[in-house]
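Welcome! Take a moment to look over the chain shown here, and then let's walk through a few of its features together.

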Amino acid sequence: MNRKLFLQHAHGSVTDDGSSPRKPKAMCTRCGCRGTVARLILRSPPAIERYCRDCWPLVRDALAERPVQEYVSRAWSDVERLLSLLPPTTEAATVTALAAEIVATAWDMDGPVPPIVQEFLLRTERGPA
Ligand SMILES: [Zn+2]
């Protein structure tokens, strides 16, 4: 992922380097602790915020109330939530693509693969990385 994203604003601009949101030394915007698992890009005022594993679920649940342009996370809870919302009628190709994406980013995720995600990967016949 070498994508570069530039947010322009009258009062300045913010550049997202497209790097992993999981940064051991980055500071959490909410609690100030070190070690983040998610990055949030806001439209106005343009800003990039980072969150730790404890704060991210709380922030994520309130995303609809903020001018969020994009967010990236390496929290397994996001994957678990995505899988729980996946309709049973989802096309096999979509499920396979999702499994491939999960396997491709598993190395960068926060912590070990949760059982629910392991079961999903086994069901789609792609073991965890
Ligand atoms: Zn925090």
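Predicted model: local features only at pLDDT ≥ 70, side-chain atom pairs only at ≥ 80, totals over all residues.

We begin with helix H4, which spans residues 115-123.

- Val 117, Phe 120 and Leu 121 are the buried residues to look for in H4.
- These three lie on the same side of H4, because they cover an arc of only 95° around the axis.
- An α-helix has 3.6 residues a turn, so residues three or four places apart point the same way.
- Turn to the other side of H4 and you will find Pro 115, Glu 119, Leu 122 and Arg 123, which are exposed.

**How H4 packs**
- Two packed helices are described by the angle between their axes and the distance between the axes.
- For H3 and H4, that angle is about 125°, and the axes are 10 Å apart.
- H3 and H4 are therefore oblique to each other, and their crossing is left-handed.
- On the H3 side, Ala 99, Ile 102 and Val 103 make the contact, while H4 brings Val 117, Phe 120 and Leu 121.
- The residues of this contact comprise six nonpolar, no polar and no charged.

**Two backbone details**
- Just after H4, Glu 125 has a positive phi of about 60°.
- Ser 44 and Pro 45 are joined by a cis peptide bond, with omega near -5°.
- Pro 45 sits in the loop between strand E5 (38-42) and strand E6 (47-51).

Conventions
Residues numbered from 1 in each chain as written. Buried ≥ 20, exposed ≤ 12 C-beta atoms within 10 Å, placed from the backbone. Helix = DSSP H or I, 4+ residues; strand = E, 2+ residues; numbered from the N terminus. Arc of directions from axis to C-beta. Axes fitted to C-alpha atoms, helices over the stretch in contact; angles between N-to-C directions. Parallel < 35°, antiparallel > 145°, perpendicular 65-115°, else oblique. Left-handed = near helix turned anticlockwise from the far one by under 90°. Contact = placed C-beta atoms within 7 Å. Nonpolar A, V, L, I, M, F, W, Y, C, P; charged D, E, K, R; others polar.
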